[in-house]
Amino acid sequence: MDTAKSEALFARNRRLIPGGVVSLNRLVDPKIAFVRGVGARVWDADGNAYLDYHSAFAPYLLGHAHPEVQSAVVRSIDEGWTLMGSGTTPWEGRAAELLCEAVASLDRVQITTTGSEATYHALRLARAYTGRDHVVVMQGGYNGWHDEVACNVMTPLERLGPHAAGEEYPFAPLSAGMPANIAERVHVVEFNDLDAVEACFRKYEVACLVTEPILQNIGVVKPLPGYLEGLRESCDRHGVVLVLDEVKTGFRHARGGYQGLAGVRPDLSTFGKAIANGYPLGAIGGRAEIMDLFSHPDPDRRVLIAGTFNGHPTPVAAAIATMEILKRDEAVLYPRLEALGDRMQRGLEALFAKYGVTATVVRQGSAFCTYFMDHAPRDWRDVALNHDMARDLRYRKALIARGVYHFPLPTKQGSLSTAHTEADVDATLEATEAVLRDGI
Ligand SMILES: Cc1ncc(COP(=O)(O)O)c(C=O)c1O
């Protein structure tokens, strides 16, 4: 695989951009510079084509450059939908309607540019609503890059130390430069450990608990039966705001969010990624009583939400088009993604069995992850203790060399889109067989 042009571009960009890339979580080996994406395929600067399962960290539910989304964007530009920065617009109203009608727990919504901004506002709203400061997050969860949630995602166990069920983890920041006292008010618990949540709620004045309903930044780690319901009950008992971060799960698994499938109603939810099929848009929504703090008449109670680019018409046009497609095609689109996912899962399982590789494929609809361990993980500790990370990385790199792009970092989720076909899945399985035959 020739990557000379990609490497030259990295070298050139490194002169001015620290690390050579604009979001440092994108800095991985092999160093590939992508220049084009259509449907289920992406191309790099050297002209190599790949079947894409990275999906830019999962926004592309409809595939790259979906024709209807692209035309809506072009039309909005042609019609003069420019950023006004004063008053409301018809477009933000339509996006809000589509969101609220799709997700049952949303009485009100606000639109942001990214998922991180949405989770930032969730914390601020919850603190204003409860008058409390403390926050509970999950070990192995990711809720954005801002202080207070940027912690404990793929933390090495040596850094976390020993841990017993029902206890908190030490706060492990993902970044230098955070105020030291953050650890006093952010509490990290293991996913699927209701006792640890209950203990935190008893010990601290907790404003909110924030969690992805499925941990999808360490692959696909599902809630055990009753876990999300248990969180709801605990939050209700202690007056804690339950925030479901559906930035990755929302619209990917169902139009009503994973919360709709699970039958759990959060107080606040955050969205991003799949809402606008690759364009930058986030959203926060939930109970009117909490959301209306954004427009509270008393300035001392009002929560600030401001952003020059909030509701920018270009991503809003993409979001309207995407959500209208999901609404129109819901009945066929999600079953189709499920069928593709099932074909992928069964095919991979058969291959791992054939080549005697210990592996477990965990999947929710179009999102899947292969763990090189003998069971589906229940939390990050389970992954860290049992998953063969080195093998996972070798597997990903070998697939990339054969034209199948999974992000080359252990446990990163694979994402199918409606642009993938059965033939694409079969081609992926053929490449996987070749990789397994060579040995990983
Ligand atoms: C669950 C979850 N929440 C929040 C975010 C942050 O979103 P963004 O990268 O758009 O700021 C992400 C991004 O990966 C995410 O997966």
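**Ligand shell.** I sorted the shell around the ligand by class and got two nonpolar, six polar and four charged residues. For the classes, Ala, Val, Leu, Ile, Met, Phe, Trp, Tyr, Cys and Pro count as nonpolar, Asp, Glu, Lys and Arg as charged, and the others, Gly among them, as polar. This is a predicted model, in which local features need pLDDT of at least 70 and side-chain atom pairs pLDDT 80 or more, while totals for chains, interfaces and linings use all residues. Residues are numbered from 1 along each chain as its sequence is written, and side-chain values use heavy atoms, without hydrogens and water.

I listed the residues around the ligand, including Thr 114, Tyr 142, Glu 212 and Asp 245; a residue is near if one of its heavy atoms lies within 4 Å.

A polar backbone atom of Gly 115 is 2.9 Å from a ligand oxygen atom. In the side chain of Ser 116, an N or O atom is 2.6 Å from an oxygen atom of the ligand. For a polar side-chain atom of Lys 273, the distance to a ligand oxygen atom is 2.8 Å. On its own the ligand has 390 Å² of accessible area, and the protein covers 84% of that; I used the Shrake-Rupley method with a 1.4 Å probe.

**Lys 273 again.** I noted that Lys 273 has a positive phi of about 35° although it is not a glycine. Lys 273 sits in the loop between strand 9 (268-271) and strand 10 (282-286). Strands are DSSP runs of E with at least two residues, and helices are runs of H or I with at least four, numbered from the N terminus. Is Lys 273 buried, partly exposed or exposed? Its relative accessibility is 24%, so Lys 273 counts as partly exposed (buried is under 20%, exposed over 50%, partly exposed in between, with a 1.4 Å probe and protein chains only).

**Other backbone entries.** Glu 148 is not a glycine either, yet has a positive phi of about 90°. I found Glu 148 in the loop between strand 5 (134-139) and helix 5 (157-160). Glu 148 counts as buried because its relative accessibility is 10%. The peptide bond from Asp 29 to Pro 30 is cis, with omega near 0°. Pro 30 is in the loop between helix 1 (4-14) and strand 1 (34-38). I looked these up because most residues other than glycine have a negative phi, and most peptide bonds are trans.

Technical notes:
Polar contact = N/O pair within 3.5 Å; in protein donor to acceptor, adjacent residues only side chain to side chain.
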